[in-house]
Amino acid sequence: MTQTSVQPFLPFARPSIDEATIAAVGDVLRSGWLTSNGPKVQAFESLLSAYFGGRPVRTYNSGTCTMAIALRIAGIGRGDEVITTPNSWVATANVIIEVGATPVFADIDARTHNIDLDQVETAITPRTRAIIPVHMCGLPCDMDKLHALAKTHSLRVVEDAAQAIGSTWKGRRIGAFGDFASFSFQVNKNITTAEGGCLVVNNAEEAILAEKYRLQGVTRSGLDGIDVDVLGGKYNMTEIAAAIGLGQMAHLEAFNAKRLALARHYFHCFGADFEASYGAELPMADFQNSNWHMFHLVLPSHIARAAFMQQMLDRNIGLGYHYAAIHLFTLYRRRGFKIGMFPVAERVCRQIVTLPLFPSMGESDVERVVAATKAVLGSRSRSHSS
Ligand SMILES: *Cc1c(COP(=O)(O)O)cnc(C)c1O
């Protein structure tokens with residue numbers, strides 16, 4: 001291998017914030033109205049509602065509290081079971097415990113890495129009240145099958161669509177139909193507010209609860225009327241965050257188009273024989289529905305992921321791993337979950353890496369990542385077979 005000149009560090013994600021957005025944040029800071037429920041929050045919520053087909057949308061300070069609030073709106077708590085995937089950010093399962101319900105896991109599909117809906121069906125008991133599916137990397141779950149299953153068993157659906165803004169199912173936007181849909185605007189997501197999230201609900205009644213749970217359960221009336229009738233928290237979005245969100249929404253279509261083009265280029269550069277030659281698994285080549293939030297590679301089992309990540313880091317390429325299997329965390333093992341319970345998720349979560357993919361990358365960055373990946377995988381498999 002020829003040692004070329006050191007190339008700049010390439011992270012797996014990086015936000016794109018334009019100068020207009022930076023100026024808008026400055027304007028908010030100068031305006032004196034820094035937090036809710038100011039004009040920016042209201043404009044952002046209106047824009048999001050229009051984006052999601054006119055459904056009611058409320059904004060929050062994370063894409064975690066949104067899921068807990070959806071469960072609370074649905075009246076889910078102690079004694080109830082909620083089924084979710086072990087392959088997600090731990091927030092997805094933590095919110096179930098947070099509201100006092102019991103998390104139940106169902107294994108994932110080996111190809112999509114999304115929850116296996118046949119396994120969900122097996123996991124349903126008389127206590128099951130809801131399903132929290134995750135659209136991993138923005139690749140949507142089978143929405144027809146999901147909602148048919150939910151209908152048959154009278155279950156609520158809280159979509160963890162944290163990664164799925166702009167994803168579609170049969171031409172319809174994720175969040176524009178279904179039951180509850182939760183989105184995150186955390187910094188790595190396809191659009192960001194630094195930290196933040198939004199919840200799409202079904203009707204005006206749920207929207208009122210969505211506001212109460214967001215701010216201490218408060219209802220105001222007139223100039224000095226106030227009452228509290230449910231226990232809420234402190235989850236409101238700031239004007240600063242909403243100003244960033246408005247600036248990001250202007251680019252959402254372009255960001256997602258760029259992600260799609262980069263994902264296509266990854267497939268092109270890896271080539272049709274990559275999986276057979278290197279033993280690694282590429283993601284589903286979905287160029288229809290996914291917003292390409294992330295590009296994953298599942299490494300062959302004989303390669304230690306940390307060693308692979310280190311060798312990529314030696315080439316100035318930063319990788320992520322999304323995610324560690326939730327049921328194997330100590331908190332969950334204490335609840336009785338064990339290794340071997342969800343073998344597909346365990347295998348995928350142990351060997352998965354996230355390659356760089358963000359809108360300000362160029363095609364040459366993709367080429368650099370693919371060349372480095374092949375070099376590291378190739379050299380390692382040679383050293384193992386010798
Ligand atoms: C980012 C993310 C969350 C949490 O969102 P926050 O805004 O960080 O609270 C939950 N689930 C998934 C799948 C995510 O990617």
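The protein chain is split into domain 1 (19-248) and domain 2 (252-385). Keep in mind as you look around that this is a predicted model. The centres of the two domains, taken over C-alpha atoms, are 26 Å apart.

**Where the domains meet**

- Contact between the domains involves 41 residues of domain 1 and 39 residues of domain 2.
- Together, domain 1 and domain 2 bury about 3,100 Å², with 58% of it on carbon and sulfur atoms.
- On the domain 1 side, Phe105, Cys137 and Asn190 lose the most area to domain 2, together 20% of what that side buries.

- Between domain 1 and domain 2 the count is 1 salt bridge.
- Glu253 and Arg173 join their side chains in a salt bridge, at 3.7 Å from N to O.
- The interface also has 18 residue pairs in polar contact.
- At least two residues of the domain 1 side that touches domain 2 come from each of helix H4 (91-98), strand S3 (102-105) and strand S6 (168-169).

**Nonpolar cores**

- In soluble globular proteins, nonpolar side chains tend to be buried together.
- The largest nonpolar core holds 39 residues, and Leu48, Phe52, Ile83, Val120, Ile165, Phe183 and Phe185 have the most contacts inside it.
- Elements that each supply at least two residues of this core include helix H2 (39-51), strand S8 (180-184) and helix H9 (252-270).
- Another core lies apart from this one; it has 31 residues, among them Phe270, Leu297, Leu299 and Ala372.
- Leu48 touches Val57, Thr59, Phe185, Cys198 and Met249, leaving aside residues up to four places away in sequence.

How values were computed
Residues numbered from 1 in each chain as written. Predicted model: local features only at pLDDT ≥ 70, side-chain atom pairs only at ≥ 80, totals over all residues. Heavy atoms only, no water. Core = buried A, V, L, I, M, F, W, Y, C linked by side-chain atoms within 4.5 Å. Buried < 20%, exposed > 50% of the residue type's maximum accessible area, 1.4 Å probe, protein only. Helix = DSSP H or I, 4+ residues; strand = E, 2+ residues; numbered from the N terminus. Contact = heavy atoms within 4.5 Å. Domains from an automatic or database assignment. Buried area = accessible area lost by both parts, 1.4 Å probe. Salt bridge = Lys/Arg side-chain N within 4 Å of Asp/Glu carboxyl O. Polar contact = N/O pair within 3.5 Å; in protein donor to acceptor, adjacent residues only side chain to side chain.
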